[in-house]
Amino acid sequence: MAAPDRGPAPAPPRRARVAVCAVFFLTGAAFATWAARVPAVREGLGLSAGQLAVALVGLSGGAFLGLPLVGGLVARHGSRPVLCTGMAAYLVALAGLAFAPNLPLLTLTLAVFACGNTAVDVAMNTQGVMVERAYGRAVLGGFHAMFSLGGITGALAGSLAAAKGVGVAAHFTVTALVLCAAAGVAALALLPDERAAAEDPGPLFALPGGALWVPGLVAFCALMGEGVMNDWGAVYLHDVTGASPGAAGAGFAVFSAGMVIGRLSSDRIRARAGTVRFTLGCALVAALGGAVSVSVPVPGAGFAGYALLGLGMASVIPVVFGHAARVRPERPGPAIAAVSAVGYVGFLAGPPLIGGIAEAAHLRVAMLVLPALMVTMALLAPRLRRV
């Protein structure tokens, strides 16, 4: 008896893939806009390294408000509405950062900025997993490459704005308006969530359990490294290596360029090497980059080290998030959120930690945290469970 004709296979959701690429790009551009102008914000308010560290605690606070709930909100309401709401808060806060008149209000605005960012991060990665499933092959690394391309664009724009003497207020406001318009268009093509209307979406907040703890700790190391680079990379080049403000901002673009190269090739290399060997290799490359940038405090070595750091750290988060979605295929959003909750503790605790060490000792000593994190990640890599 002939098998029933099931019709042609559904076409891959190309419009949704383009939309998710755009969301990743815009998110990276927004954060790089802040990261590239941290020295200008600090100088405008006359903040010391210790006071800047206090302001960056706002990032931690905002994330802790958002991360414990985002996975449950995605499970209940879907990733698309969570993404849209988070993006609105994220971009409004970006513009607001330029108008904070003092340290307390800067800290509060950074908290809103971080809360919006974490909501967007979990929701857009959930959308990425949905698109990846529809395609039947790995594409998540490419989405994260778009985040890094956005980072390059935002960092280069910030470097150019600093070199031309453009004020932070004009820069942040115009950037937020442009990104908001683009995000609104992209949101129209996002995928509806398969389980958004599930009768039992699970608890609003759940800690990672079982096989999710190790990828969570790997994410902790990788994201702490990224957080340090985002908030202290340009400051280190300016204050320690003597780079000009424009060159210091371009250093973040070099880091982001390494991220792009690594992420564009990650899906193919990981398929051949496997999760464990791939993650171990990434950690060792990043450790070398951290050692180079700290051991030779000149701009050229800083740029070379930043490129290696970006290349090594590039693909760890896409691999870890994809791993989490495969461990919990029935609830990818909460699984990604649980791993993110562990990882973003590092992302948001790292910058204040660097500021505290810099205040007590020296920024160059504080940046030794980078190679130490990457070595720790290399030790954790063999413990990732194969799925």
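Modeller: The chain has 15 helices and 0 strands. Helices (H or I, at least four residues) and strands (E, at least two) are DSSP runs, numbered from the N terminus. This is a predicted model: local features need pLDDT of at least 70, side-chain atom pairs count only at pLDDT 80 or more, and totals for chains, interfaces and linings use all residues. Residues are numbered from 1 along each chain as its sequence is written, and side-chain values use heavy atoms, with hydrogens and water left out.

Biologist: Why is Ser-315 called buried?

Modeller: Buried means under 20% relative accessible area, exposed over 50%, partly exposed in between (1.4 Å probe, protein chains only). Ser-315 has a relative accessible area of 1%, so it is buried. It lies in the loop between helix H11 (299-313) and helix H12 (316-327).

Biologist: What is Ser-315 in contact with, leaving aside neighbours within four places in sequence?

Modeller: Contact means heavy atoms within 4.5 Å. By that test, Ser-315 is in contact with Gly-262, Arg-263, Ser-266 and Phe-278.

Biologist: What makes Ala-100 buried?

Modeller: Its relative accessible area is 10%, so Ala-100 counts as buried. Ala-100 sits in the loop between H4 and helix H5 (103-135). Beyond four places in sequence, Ala-100 is in contact with Leu-45, Leu-105 and Leu-106. Its C-alpha atom is 9.8 Å from that of Leu-110, 10 residues apart along the chain.

Biologist: And why is Asn-117 called buried?

Modeller: The relative accessible area of Asn-117 is 7%, so the label holds. Asn-117 lies in helix H5. It touches Thr-27, Phe-31 and Tyr-90, not counting residues up to four places away in sequence.

Biologist: How do you know that the span of H4 agrees with expectation?

Modeller: The expected span of a helix is 1.5 Å times one less than its number of residues. Helix H4 (residues 79-97) has 19 residues, so it should span 27 Å; its end C-alpha atoms are 26 Å apart, which agrees. Its buried residues include Tyr-90 and Leu-94.

Biologist: What makes H1 largely enclosed by the rest of the structure?

Modeller: Of its 23 residues, 17 are buried, so H1 is largely enclosed. H1 reaches 33 Å from its first C-alpha to its last, close to the 33 Å expected.

Biologist: What describes two packed helices?

Modeller: The angle between their axes and the distance between the axes. Axes are lines fitted to C-alpha atoms, for helices over the stretch in contact, and angles run from 0 to 180 degrees between N-to-C directions. Helix H1 (residues 14-36) and helix H6 (residues 140-163) pack at about 35 degrees, with their axes 6 Å apart. The contact involves residues including Phe-24 and Gly-28 of H1 and Phe-147 and Gly-151 of H6.

Biologist: Which residues touch the most other members of the largest nonpolar core?

Modeller: A nonpolar core is a set of buried Ala, Val, Leu, Ile, Met, Phe, Trp, Tyr and Cys residues joined through side-chain atoms within 4.5 Å. The largest has 122 residues, and Trp-34, Leu-94, Leu-110, Phe-113, Trp-232, Leu-363 and Met-367 touch the most other members. Helix H8 (residues 213-239) gives the largest share of this core, 14 residues. Not counting residues up to four places away in sequence, Trp-34 touches residues including Leu-94, Leu-110 and Phe-113.
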